[in-house]
Amino acid sequence: MGETMLLRLARNGSPRASASSTAQAKLCRSHGPKKALVRMFRPEGARFEREESGRHIEFIFKPLADGSVLGNFRDITELKDRERALAAAKETADAARADA
């Protein structure tokens, strides 16, 4: 599976610890800075995926007790490729079963 990156943000969206400004910038560029922060700081957490340059990235955000949020970004392209291959194989098997 692809690379995983963690990011810890304060309530105002600034990094609390070492973080990838590239990942933060991509997230804010795709969803708008304010909208992205609101989504990241939901009490129940948040999860979403997006595709960029042919790669599928999963974003998971978990609120922490100190009011910051922990963001986990990981490349799930290989997983998506396997899901598509499995769906295609199932479709082929279903078609062959229908023809039998």
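Visitor: How many salt bridges does the structure hold?
Guide: Six. Keep in mind that this is a predicted model.

Visitor: What does Arg-55 form a salt bridge with?
Guide: Asp-75. Their closest N and O atoms are 2.8 Å apart. Arg-55 sits in strand S3 and Asp-75 in strand S4, so the pair ties together parts 20 residues apart in sequence.

Visitor: Is Asp-75 buried or exposed?
Guide: Buried, at 13% relative accessibility. Arg-55 counts as partly exposed, at 38%.

Visitor: On to helix H3. Which residue does Lys-90 meet in a salt bridge?
Guide: Asp-94, at 2.9 Å, N to O. Both lie in helix H3, residues 77-99, four residues apart. That is about one turn of the helix.

Visitor: And what about Arg-97 and Asp-94?
Guide: Their side chains meet in a salt bridge too, at 2.6 Å, N to O. Shared partners join Lys-90, Asp-94 and Arg-97 into one network.

Visitor: Why does Arg-97 count as exposed?
Guide: Because its relative accessibility is 57%, and exposed means over 50%.

Visitor: New topic, aromatics. How many pairs does a search of the whole structure find?
Guide: Two. Phe-59 and Phe-73 pair edge-to-face, 5.1 Å centre to centre, with 90° between the planes. Phe-59 is in strand S3 and Phe-73 in strand S4, 14 residues apart.

Visitor: Are those two buried or exposed?
Guide: Phe-59 and Phe-73 are both buried.

Visitor: What about Phe-61 and Phe-73?
Guide: Also an edge-to-face pair, at 5.8 Å and 85°. Phe-61 is buried, at 1% relative accessibility. Phe-59, Phe-61 and Phe-73 form one aromatic cluster.

Key
Residues numbered from 1 in each chain as written. Predicted model: local features only at pLDDT ≥ 70, side-chain atom pairs only at ≥ 80, totals over all residues. Heavy atoms only, no water. Phe/Tyr/Trp six-rings, centres within 6.5 Å; stacked < 30°, edge-to-face > 60°. Helix = DSSP H or I, 4+ residues; strand = E, 2+ residues; numbered from the N terminus. Buried < 20%, exposed > 50% of the residue type's maximum accessible area, 1.4 Å probe, protein only. Salt bridge = Lys/Arg side-chain N within 4 Å of Asp/Glu carboxyl O.
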